Every structure is written in C-alpha cells, then in structure tokens.
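I opened this entry to look at one chain and note what I found. I began with the aromatic rings.

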Amino acid sequence: MKLYINKDKFVKLQSDLKLTETKMANKISVSRSQLWRAKGGDPIGEKFLVGFMIAFPNLKVDEFFLPTVLQDSDTIKEII
C-alpha cells in the first residue's frame, strides 16, 4: 500500500495557516523537495506521515492522505 496526499485538503490547510512551502515543510519535518514531490503526486514516506501527525495532532489523518493498493491487474485503485 502507498499513501498519497489529498492535495486539495493539504493545500487548503497550508493556505489557511498562511504557511509558505518552506514553513510547511519545516513544520512537518520534511524537505521542501519532499513536499513538492508529494504535491506533484509522488507517494509519501513514513517520515512525512509521522511529521504531519506530530505537527497536526488534532487533524484526521485519513482526510489528508489517500491510501492505494495494487489490484491483480496491476492497476491502482483508491480505497475510499
């Protein structure tokens, strides 16, 4: 299983908090390039997820991250 950010929710959170890319990356303890890649559609790693959970303990993780699994046909299916 891989996790991807829910870009709409993530960008809205960042905007609501008035955080630049650098400040958001620092808040969740990842590099700016990791944040940029996640926003571009790359899967996130454990450090990204844990950093988010520590930075935003009162937010529901399942609203900000989307898990996916590979099916038998090797296509990606989003779990909802």
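**Entry 1: the rings**

I looked for aromatic residues that group together. In this predicted model, ring pairs join Phe-10, Phe-48, Phe-52, Phe-56, Phe-64 and Phe-65 into a cluster. I counted six aromatic pairs.

The cut-offs explain the label: under 30 degrees would be stacked, and over 60 would be edge-to-face.

Where do Phe-52 and Phe-64 lie? I found Phe-52 in helix H4 and Phe-64 in helix H5 (residues 61-64), so the pair ties together parts that are 12 residues apart in sequence.

Are they buried or exposed? Phe-52 is buried, at a relative accessible area of 0%. Phe-64 is buried too, at 5%. Phe-64 also has a charge over its ring: the charged end of Lys-9 sits there, 5.7 Å from the ring centre.

**Entry 2: the core**

Next I looked up the nonpolar core. In soluble globular proteins, nonpolar side chains tend to be buried together. Here the largest nonpolar core has 17 residues. Phe-10, Ile-28, Leu-35, Phe-48, Phe-52 and Phe-65 have the most contacts inside it. H1, H2, H3 and H4 each supply at least two residues of this core. H4 gives the most, with four residues.

What does Phe-48 touch, leaving aside neighbours within four places in sequence? I listed Ile-5, Phe-10, Ile-28, Val-30, Gln-34, Leu-35, Ala-38 and Phe-65.

**Entry 3: helix H3**

Two names on that list, Leu-35 and Ala-38, are also buried residues of helix H3 (residues 32-39). Lys-39 is buried in H3 as well. I looked down the axis of H3. Its buried residues fall within an arc of 95°, so they line one face of the helix.

After H3 comes Gly-41, and its phi is positive, near 110°.

**Entry 4: a loop residue**

I checked Asn-6, which lies in the loop between E1 and H1. At 19% relative accessibility, Asn-6 counts as buried, because the limit is under 20%. Leaving aside neighbours within four places in sequence, Asn-6 is in contact with Glu-63, Phe-64, Phe-65 and Leu-66. Phe-64 and Phe-65 belong to the ring cluster of my first entry.

**Entry 5: the whole chain**

I counted five helices and three strands. From the N terminus on, the elements run β-α-α-α-α-α-β-β. Of the 80 residues, 30% are buried. I also checked contacts between residues at least 6 apart in sequence. Of these, 54% join residues at least 24 apart.

Where is confidence lowest, and where is it highest? Strand E3 (residues 76-78) is lowest, at a mean of 54, and H2 is highest, at 97. The chain averages a pLDDT of 89, and 85% of the residues score at least 70. Where pLDDT is low, the predicted coordinates should not be read in detail.

Technical notes
Residues are numbered from 1 along each chain as its sequence is written. Side-chain values use heavy atoms; hydrogens and water are left out. Buried means under 20% relative accessible area, exposed over 50%, partly exposed in between (1.4 Å probe, protein chains only). The arc is that of the directions from the helix axis to the C-beta atoms. Rings of Phe, Tyr and Trp (its six-membered ring) pair if their centres lie within 6.5 Å; planes under 30 degrees apart count as stacked, over 60 as edge-to-face and the rest as tilted. A charge sits over a ring if NZ of Lys or CZ of Arg is within 6 Å of the ring centre and within 35 degrees of the ring normal. A nonpolar core is a set of buried Ala, Val, Leu, Ile, Met, Phe, Trp, Tyr and Cys residues joined through side-chain atoms within 4.5 Å. Contact means heavy atoms within 4.5 Å. pLDDT is the predictor's confidence in each residue, from 0 to 100.
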